[in-house]
Each structure stands twice: as structure tokens, then as C-alpha cells.
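Visitor: I am new to this structure and would like to be guided through it slowly. Could we look at it together?

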Amino acid sequence: MRRHLLSIDDLSRDDIERILGRAESFAEVSGREIKKVPTLRGRTVINLFYEASTRTSSSFELAAKRLSADLVSVKSSGSSVDKGESLKDTVQTLSAYDPAAIVIRSPHAGAAALVARWTRASVINAGDGKHEHPTQALLDVYTLARRVGSLAGLRVWIVGDVMHSRVARSGILAFSRMGCEVTVCGPPTLIPRGIESLGCRVRTTLDELPEADVVYALRMQHERMDGSFVPSLREYAAQYQIDGRRLRPNQLLMHPGPVNRGVELAAEVIDSPQALIVEQVESGVVVRMAVLYELLAGHGAPSGVRAQPATEPQPA
Ligand code: NCD
């Protein structure tokens, strides 16, 4: 595995499986009363978030803390970014603390790759514009595999605002790498041209949705829309909302959160037993622990980056 996690393309299927297995071992740790292992003691992790986040930032924080790392969380508002400090200067400043990892979320595609050029730390992309969100895809694969076992041959439909979705892009790559058949579906204005090259089919109606094993709904990304992509949210919901009528009893439902209730999902499906949405959030912590472990302590960690010997998760 490489030193950074910028894209799902950085990972082979073996890498993904190793991370899932590692996450599984951390799930055991998370079931204990004391949810901490000494693996990253003395190492520093910096969370650098230039965009709103609830789940991703809190789960990366918990992941770093449960691995005993020292954690610094910097949000763009309230930091010197507000005073106009550039990303490069901010990264170089924070790199003076000699962090083992920098977790970066940015509204700009490619930001994580730039950060990787400016620091000696391992860089983890926690969402860069509409480009990628690899740890989301890993936790999605983990959550689904825990529920159904093997993912081979599973039909996954990713429905909604594919155009603005880094979750969709990383999801297509990860699900297809794990052997799923991926279809993306949404209004033609919200399907980027050429998306098939990532390894999916495209549909613009829900007519064939009954064939899906898994329905993965995306949030309408209002904040990334400058023009008008759909006539109205009501119109969008009429054609693409996943509700109790469209979701078959044998289908599983996923969503990265935050949900726009009543837009991409109807209340009755969000709260149904078919929904894996809460499990996805829960998986976020152990999968991000596994990613930090892989990059900083596990297989492939570059020599010289280790501050002290890595420690396996300790038995209770
Ligand atoms: C996603 C994101 O920010 O990319 N949320 C998340 O990380 N759980 C999806 C979204 O905002 O729609």
C-alpha cells in the first residue's frame, strides 16, 4: 500500500480486504468498555477540515484517539485560514509539528494530492470537492460486507446527484473492485459525461431499480450547484426519491449522510430495518482506525516515518 490514501485507485483489492479485516479487529476493541489501543502512542494526527463535516471529522477524531495518537483538529473557520493563509502555508505550518498523518477535507478537487506534495506526513483524503472520498467508500464496503458477506455479483444502484458526488466516484471504484455490478442513476443533468469509464452502467430512470440488491442514495449537493440542474426539488423527488413504494422489501438502503429528508429519501425508508445508514456511521470509526493503522503502523509503512515500534491491538 502507498504512503497516502488519496483515491480508491491507490488500493488494490487485497489492500481493501486487509483494511476490512483490520477494521473487524478494531470492532472488537470498540465493543470493550475501554476502547483504546496503544498503537499510535506518541504519533501526531492533524485533522484539517476546510468544509462542513459531522461524521467524517468526528469519526477521524475518535479513530485517532482510540489508537492513542495525539490529535490536533483545525477547522478553516476560526483558524488563520480566515485571515487568508493559503493551504500551502497552513500545511507547512502544521508540518512543523512533525505529524505522522494529515487528514484533509477541502472543497477543491485535487487538494489532498497537493497537500501530499507539501508534507512528509501521510495524507488521507477526507473528501476533496467532487473528486473522491475514499474512506467513505471503504466504510460503505465494510458495512455492506458485514451485512451480506461476499459482495461478488451484488447489484448496487447509486441514485441521485452523481455529478457533484465524491462519494459516488469513490463508491463506484470500491464496489466494482470488490466484484459488485454498479449502476448509477439520476437525471441526465446530474450524471457526468464519461462516468462509465470508472466501471459502472448509467440509467436515467428508476424503471429497472427492482433488480438492485442495494440502493445507495446520494444527497442533493445544493452547495455545489451554481446553475439549475433540476427543475425543482419537488420534481426531482417525484422521479427519483426512494420511498416505501420504490424500495422493495429484499433491498438494502444506504446513504452517506447527511440526509435531506423528503428529497432523496422518504422518512419511512430512512427509519426502516432495510436501512444501513446508522451502521455506516458506526463503521466510520473502525474503518478509519484501520486506515490510520495501515498507513502509519502496518504493512508498507515507509522506514523512517515510524516514531516507535507499532503495536498490534492488545487482547483484553
Ligand atoms: C458526504 C460528503 O461530505 O462527501 N458526507 C459524508 O462524508 N458522510 C456526502 C454528502 O455530503 O452528501
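Guide: The C-alpha centres of domain 1 and domain 2 lie 25 Å apart, the domain bounds coming from an automatic or database domain assignment. This is a predicted model, where local features need pLDDT of at least 70 and side-chain atom pairs count only at pLDDT 80 or more, while totals for chains, interfaces and linings use all residues. Residues are numbered from 1 along each chain as its sequence is written, and side-chain values use heavy atoms, with hydrogens and water left out.

Visitor: Into which residue ranges is the protein chain divided?

Guide: The division gives two domains, and domain 2 covers 134-279. Domain 1 is written as two segments, 8-133 + 281-296.

Visitor: How much area do domain 1 and domain 2 bury between them?

Guide: Buried area is the accessible area (1.4 Å probe) that two parts lose on being put together, summed over both. Carbon and sulfur atoms carry 59% of it here, and the total is about 2700 Å².

Visitor: Which residues of domain 1 lose the most area to domain 2?

Guide: Three residues together make up 26% of what the domain 1 side buries. They are Ile8, Lys130 and His133.

Visitor: How many salt bridges does the rule find across the interface?

Guide: A salt bridge is a side-chain nitrogen of Lys or Arg within 4 Å of a carboxyl oxygen of Asp or Glu. Arg166 and Glu51 form such a pair, with their closest N and O atoms 2.8 Å apart. Across the interface of domain 1 and domain 2, the number found is 3.
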